Amino acid sequence: MRKRYHQTHRNTHTLRTPFGDSPSWDFDSVALTAGECEEAVPMSADAVIEVENLTKSFGSFQALRGLDLKVERGQVHGFLGPNGAGKSTTIRVLLGLLRPDGGTVRLLDGDPWKDVVDLHRRLAYVPGDVSLWPGMTGGEAIDLLGALRGGLNKARRDELVDRFELDPRKRGRQYSKGNRQKVAIVAALASDAELLILDEPTSGLDPLMENVFQEVVADAKRRGVTVLLSSHVMAELETLADRLSIIRDGRIVESGTLTDLRGQTRTVIRAVLERVPDPADLTAFGEVRIDGDRLTAAVDSDKVAEAIAALAPLGLVSLTVAPPSLESLFLRLYENESDPEVTR
Ligand SMILES: Nc1ncnc2c1ncn2[C@@H]1O[C@H](COP(=O)(O)OP(=O)(O)O)[C@@H](O)[C@H]1O
Ligand SMILES: [Mg+2]
């Protein structure tokens, strides 16, 4: 589909949005002329977001270094990485707020930079740091945000306000951080957007509300909504995400279903031994560290019995076996820059 937009506003206007990280739009910088339009790159049928080899620098700092991300229709896709990894930068490119330096980005069969008006009718965004109009009540803000997206589902809106125990009569300036997040979450989930882009949306929510959030995102998924959910906490994504992409230093270092990723985790064995082992006795172990009489090892799940059998003759003073967890995979991916297994 070939689309042309000709921006007629030549002055810079400031549109206040409730989102702290996009407080103003410089219309000149989003002005598009027909000459800039290119033929759209088709995306695969089942993908809602398809990013290939995306690069973005801020001055001499390269925030995104060839990032690939594919989000399939109807899935909840977890976007996991520590602070500073490049999650928000990627999301800002997807929202048409930042222009990429290189790579291809397709979103709902459009180009986020060129088709910004069309695409924003079909998606809803929740940032990690919501700021609201100070004099407007939460309820008014929810309705205004809904109206910007072509209306919202009133019954669902009321249900969400209830479930999040949000008082919609308070004014923006009176809300705590957690309550401002709730306003944006309710507005996004009450809309009929087919794509939700949620950038660390639960920051400031207490654990009870975190649970409500998990439930309402699961409900959205049942309605067929596609969700990109970024987080720096593995536990938050573990129950919700169909697939995960793990980002480090502007690149995806691991991507797959939870089952795929779980398959890569290892059991951690810690032992205190009577005798110092000979490395030749430890072939069953993946990674081993020996510190005096203490041994710490990561072992493939199917080698645990063999590993413990190898330790037994050395005299076990104590032994702990920790089951594989995604948290341990996450830690391993961020542990060591020069580990070839990590940087592949
Ligand atoms: N506008 C900007 N100017 C300069 N550096 C930026 C800008 N936005 C982000 N960065 C840098 O890019 C890196 C990635 O940031 P970000 O995408 O916000 O990470 P995340 O959302 O994963 O925490 C960080 O080192 C951050 O300091
Ligand atoms: Mg961020």
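Ala, Val, Leu, Ile, Met, Phe, Trp, Tyr, Cys and Pro count here as nonpolar, Asp, Glu, Lys and Arg as charged, and the others, Gly among them, as polar. By these classes, the shell around ligand 1 has 4 nonpolar, 6 polar and 1 charged residues. This is a predicted model, in which local features need pLDDT of at least 70, side-chain atom pairs count only at pLDDT 80 or more, and totals for chains, interfaces and linings use all residues. Residues are numbered from 1 along each chain as its sequence is written, while chains are lettered from A and ligands numbered from 1 in the order in which they are written.

Let's start at the ligand. Around ligand 1 you will find, among others, Phe58, Phe61, Lys87 and Ser88, where a residue is near if its C-beta atom, placed from the backbone, lies within 6 Å. Helix α2 gives the largest share of this shell, 3 residues; helices (H or I, at least four residues) and strands (E, at least two) are DSSP runs, numbered from the N terminus.

Now move on to a sheet. Its 4 strands form an open sheet in the order β11-β12-β10-β13, with antiparallel pairing; two strands pair if DSSP finds at least two bridges between them. Because β11 (287–291) and β13 (316–322) stand at the edges with a single partner strand each, one side of each is left without a neighbour in the sheet. Strand β10 (residues 267–273) is joined to β13 by 6 bridges, and Val268 stands opposite Ala322 in β13.
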